[in-house]
Amino acid sequence: MSLYRSLGECAVYVDGPTPPTDTSPEPGWVTAVGFHPTQVAGVTASSIRSLVDRCVGNGWVIGEVGLDYFRGSNWGHQRWVLGEFCRLATPLTPLLLHLRGAPSDPMGQEPLLDCQHLLDQVRTPLWVPLYLHSFTGGVSQVDEWLATGRVVFFGVSGLIQHFTWGQLPGVRQIPTDRLLIETDSPHLGVDQGEMTPGQIGVIYRRVAEVRQVEVGVLAEQVVRNFSILFGQQLRHSPLP
């Protein structure tokens, strides 16, 4: 996933559970590592603890972690893994959450409820920042997250190009100070081709159109939101 510095002037660099040791993200980038919910087979408590310790020690974000009821399997283990990450998360390590519903649940209501239940069950502090990667929910899903009182940010990705009339109002419902924009490249396509970070302008223009704001105004707000959410990670790598 990448929020590229095209219009928003910010980026998130996401790798697997073992990030490269010979590559340093450029200034303004944030590194996030985690166990994708579709790849949690064999993940243990010790491997989760080890990853969290590395994230804390290196100033990384935890993610992607979450629930995928669309492509994933072994959902009980997915929920256990996510619960462990929620239990170990701290205010200094935002959680980058991948929550995807089954084909019959495009707004992700079921993983939303399961995730909120886990956060409450393991008593994750309300001030642990949460980033809802590639959010696809509607108005009610936005409101349900805000009602928790948690520090939640919503990432709108290239999937907006395929949103239904039920999902588009959710984009408008996201509070201005909780909105981020992402390409989720190269996992999504655009104009019958592969999405690249440099095409984030396509997403900005679509979000600006849906929210009825100027692209420049939207980009300025996203920069502020990004700096707030990932302030700890950007401390030694300030945005240009």
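Visitor: Which residues in α7 are buried?

Guide: In this predicted model, the buried residues of α7 are Leu218, Ala219, Gln221, Val222, Asn225, Phe226 and Leu229.

Visitor: What puts these residues on the same side of α7?

Guide: Around the axis they cover an arc of only 165°, which places them on the same side of the helix.

Visitor: Why is Asn225 called buried?

Guide: The term buried requires a relative accessible area under 20%. Asn225 has a relative accessibility of 0%, and therefore it counts as buried.

Visitor: How does the span of helix α7 stand against the expected value?

Guide: Helix α7 runs over residues 215-229 and has 15 residues. From its first C-alpha to its last, α7 reaches 21 Å, close to the 21 Å expected at 1.5 Å a residue.

Visitor: What share of the protein chain do buried residues make up?

Guide: Of the 240 residues in the protein chain, 50% are buried. The chain has eight helices and nine strands. Among its contacts with a separation of 6 or more, 69% are accounted for by residues 24 or more positions apart.

Notes
Residues are numbered from 1 along each chain as its sequence is written. This is a predicted model: local features need pLDDT of at least 70, side-chain atom pairs count only at pLDDT 80 or more; totals for chains, interfaces and linings use all residues. Side-chain values use heavy atoms; hydrogens and water are left out. Helices (H or I, at least four residues) and strands (E, at least two) are DSSP runs, numbered from the N terminus. Buried means under 20% relative accessible area, exposed over 50%, partly exposed in between (1.4 Å probe, protein chains only). Contact means heavy atoms within 4.5 Å. The expected span of a helix is 1.5 Å times one less than its number of residues. The arc is that of the directions from the helix axis to the C-beta atoms.
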